[in-house]
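Here is a short briefing to read alongside the model.

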Amino acid sequence: MQNQLDKVKEKCLLCEKCSLCKTRTNIVFDDGFANSKLMLIGEAPGFYEDQQGKPFVGKAGQLLDKIFASVGLTRNEHVYICNTLKCRPPENRNPLPEEKEACWEYLKAQIDIIKPKIILLCGNVAVQSILPNIGGITKIRGKWYQGGDVVHGAKLMPIFHPSYLLRNDSREKGSPKWLMWQDIQEIKREYDKL
């Protein structure tokens, strides 16, 4: 599995299919444990991710690690992490449709190699890439969706992006952080069934 991922990454390193290749510092391909149980798909690399070449390494990534740790999961042992885009959009703007299309080949290859049982769609961009026209993240987060052939029938759950949680610090019942706590417990229950 890792050998197959490395071949896709090598191709991605040479990619010039969109203009982001001119402004990237690094390709941000993946991180975590390549296994068939749990995959998290994020949106696009930010500044720190672009610098280090790994997804979710800034403050949002640190929060994501804490969220996983709260239910006994770690990226090194349980979660394969990748993004919709492999290059950072300038000023962390939302990806353009042509950029998402250019990167789809790599994301699809990651899904095809891993064949995850559960995919967490982290934020609106990831949701719209896999479940287009389904609605905004605030209405659909925390619900299970059955994926089709594109994701090998994986169970899909949209979740809040940790950067959104950093901007919404309340932990009161019904707040985004409180909802994320409910979601990660449900994800762990499903994970433990596999």
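The protein chain contains 8 helices and 6 strands, where helices (H or I, at least four residues) and strands (E, at least two) are DSSP runs numbered from the N terminus. Along the sequence they follow the pattern α-β-β-α-α-β-α-β-α-α-β-β-α-α. Please keep in mind that this is a predicted model, in which local features need pLDDT of at least 70 and side-chain atom pairs count only at pLDDT 80 or more, while totals for chains, interfaces and linings use all residues. Residues are numbered from 1 along each chain as its sequence is written, and side-chain values use heavy atoms, with hydrogens and water left out.

**Overall shape and surface**

- The radius of gyration of the protein chain is 16 Å, which agrees with the value near 16 Å for a compact globule of 194 residues; the radius is taken over C-alpha atoms, and the globule rule is 2.2 Å times the number of residues to the power 0.38.
- The C-alpha trace spans about 45 × 35 × 30 Å along its principal axes.
- Of the 194 residues, 52% are buried (buried means under 20% relative accessible area, exposed over 50%, and partly exposed in between, with a 1.4 Å probe and protein chains only).
- Among contacts between residues at least 6 apart in sequence, 72% join residues at least 24 apart, a contact being heavy atoms within 4.5 Å.
- The accessible surface is about 9,600 Å², and 49% of it belongs to carbon and sulfur atoms; these areas come from the Shrake-Rupley method with a 1.4 Å probe, and for residues only the protein chains shown count as cover.

**The sheet**

- The 6 strands form an open sheet in the order E1-E3-E2-E4-E6-E5, with mixed pairing; two strands pair if DSSP finds at least two bridges between them.
- Strands E1 (31-32) and E5 (145-146) stand at the edges with a single partner strand each, so one side of each has no neighbour in the sheet.
- Strand E2 (residues 38-42) runs parallel to strand E3 (residues 80-83), and 4 bridges join them; here Gly-42 stands opposite Asn-83.
- E2 also runs parallel to strand E4 (residues 118-122), again through 4 bridges, with Leu-38 and Ile-118 as bridge partners.
- In a regular strand the side chains alternate between the two faces of the sheet.
- Leu-38, Leu-40 and Gly-42 point one way from E2, whereas Met-39 and Ile-41 point the other way; 5 of the 5 residues of E2 are buried.

**Two residues to look at**

- Phe-29 sits in the loop between helix H1 (2-13) and E1, and counts as buried because its relative accessible area is 0%.
- Phe-29 and Val-8 are 21 residues apart in sequence, and their C-alpha atoms are 9.2 Å apart in space.
- Beyond its neighbours within four places in sequence, Phe-29 contacts residues including Leu-5, Val-8, Cys-12, Tyr-80, Ile-81, Cys-82 and Tyr-106.
- Lys-177 belongs to helix H8 (residues 176-193), and counts as buried because its relative accessibility is 15%.
- Leaving aside neighbours within four places in sequence, Lys-177 is in contact with Leu-165, Asn-168, Asp-169, Ser-170 and Arg-171.
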